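Please walk through this model with me in short questions and answers.

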Amino acid sequence: MHSEVAVAFSGGVDSAVLLLLAKKYAKRVKAYYVSSQFQPRFELEDAKEVAALLGAELELLKVDILAFSEVTSNPENRCYLCKTAIFNEICNATEADGFSLILDGTNASDDVDDRPGMRVLAELSVLSPLRICGFKKSDVRTIARENGLPVADKPSYACLATRVPYHTQITAEILEKTENCESELRALGYKNFRARYADGKARLELSRADLANYGKVKRETEEIFSKYYDGYYLDPKERNDE
């Protein structure tokens with residue numbers, strides 16, 4: 001057992017449960033949240049709320065990810081390049097604070113072979129205790145509910161850069177319109193969805209539950225998209241409700 005651990009903290013349910021368990025079993029714990037143009041504002045607010053609830057020290061690290069041209073050119077290994085920049089920042093901060101071990105919230109349900117950023121964790125010796133111990137997403141959510149974590153039912157959320165097709169330049173303008181559009185859609189009651197950029201238009205992905213909501217707020221949805229895009233269309237494939 002490691003007595004001192006640093007937690008790469010995103011504000012999602014996986015890292016929240018990881019922080020909960022770290023606080024329970026380690027003697028010294030500190031969480032690190034990396035803020036960049038790829039993260040929407042609500043993620044930071046969720047991270048602050050959970051850290052405060054658990055009484056965990058939280059450090060905010062800011063990274064200007066748009067300054068990395070190799071990332072903004074949006075190649076197919078963008079996730080690897082971005083995660084390298086982010087975890088290098090975390091490594092520098094944790095080393096300065098005297099930590100020798102960094103933990104992240106990857107769980108046993110995550111397809112490790114299909115996640116390009118996973119190689120970074122191996123290269124930097126970042127451990128994923130939830131995955132190592134066999135905790136699946138359903139297990140993580142159960143632990144979160146049992147411990148009253150406010151993010152227990154929070155849908156999985158990928159960064160804003162994933163809304164931009166590979167080889168399309170990632171700009172501050174695209175990221176801002178994506179965040180604003182999704183924020184307004186969330187206010188209409190959508191939960192598990194994506195608004196993906198497609199040559200000035202948007203492709204809207206909805207879960208089954210969100211598709212039912214779409215029928216109730218279609219006019220309002222159209223009005224939102226008209227503010228940010230030249231048009232939008234529904235993806236015929238349903239998103240997984242998890």
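Q: Does N74 count as buried or exposed?
A: This is a predicted model, in which local features need pLDDT of at least 70, side-chain atom pairs count only at pLDDT 80 or more, and totals for chains, interfaces and linings use all residues. Residues are numbered from 1 along each chain as its sequence is written, and side-chain values use heavy atoms, with hydrogens and water left out. Buried means under 20% relative accessible area, exposed over 50%, and partly exposed in between (1.4 Å probe, protein chains only). N74 has a relative accessibility of 0%, so N74 counts as buried.

Q: Which phi does N74 have, and where is N74 found?
A: Most residues other than glycine have a negative phi. N74 is not a glycine, yet its phi is positive, at about 65°. Helices (H or I, at least four residues) and strands (E, at least two) are DSSP runs, numbered from the N terminus. On that numbering, N74 is in the loop between α3 and α4.

Q: Is D199 buried or exposed?
A: D199 is another residue that is not a glycine but has a positive phi, about 50°. Its place is the loop between β5 and β6. Its relative accessibility is 74%, so D199 counts as exposed.

Q: In what order do the four strands form the open sheet?
A: Two strands pair if DSSP finds at least two bridges between them. β1 and β2 run parallel and are joined by five bridges. β2 and β3 also pair in the parallel sense, over six bridges. The order of the open sheet is β3-β2-β1-β4.

Q: Which strands stand at the edges of the sheet?
A: The sheet is open, with four strands and parallel pairing. An edge strand here has a single partner, so one side of it is left without a neighbour in the sheet; the strands in question are β3 and β4.

Q: How many of the five residues of β1 are buried?
A: β1 is largely enclosed by the rest of the structure. That is because the buried residues of β1 number four of the five.

Q: Which residues does I90 touch, not counting residues up to four places away in sequence?
A: Contact means heavy atoms within 4.5 Å. I90 is among the buried residues of α4. Elements that cover those buried residues include β1, β2, β3 and β4. I90 itself touches A8, Y32, V34, L61 and I102.

Q: How far apart are the end C-alpha atoms of α4?
A: The expected span of a helix is 1.5 Å times one less than its number of residues. With 19 residues, α4 should span 27 Å, and the end C-alpha atoms agree with this, at 27 Å.

Q: What kind of aromatic pair do F225 and Y232 form?
A: Rings of Phe, Tyr and Trp (its six-membered ring) pair if their centres lie within 6.5 Å; planes under 30 degrees apart count as stacked, over 60 as edge-to-face and the rest as tilted. The structure holds five such pairs. Y190 and F193 make a tilted one, with 5.9 Å centre to centre and 55° between the planes. F225 and Y232 lie 4.3 Å centre to centre with 15° between the planes, so their pair is stacked.

Q: Over which ring does the charged end of K177 sit?
A: A charge sits over a ring if NZ of Lys or CZ of Arg is within 6 Å of the ring centre and within 35 degrees of the ring normal. R28 lies over the face of F99, at 3.9 Å from the ring centre. K177 has its charged end 5.4 Å from the centre of its ring, that of Y229.
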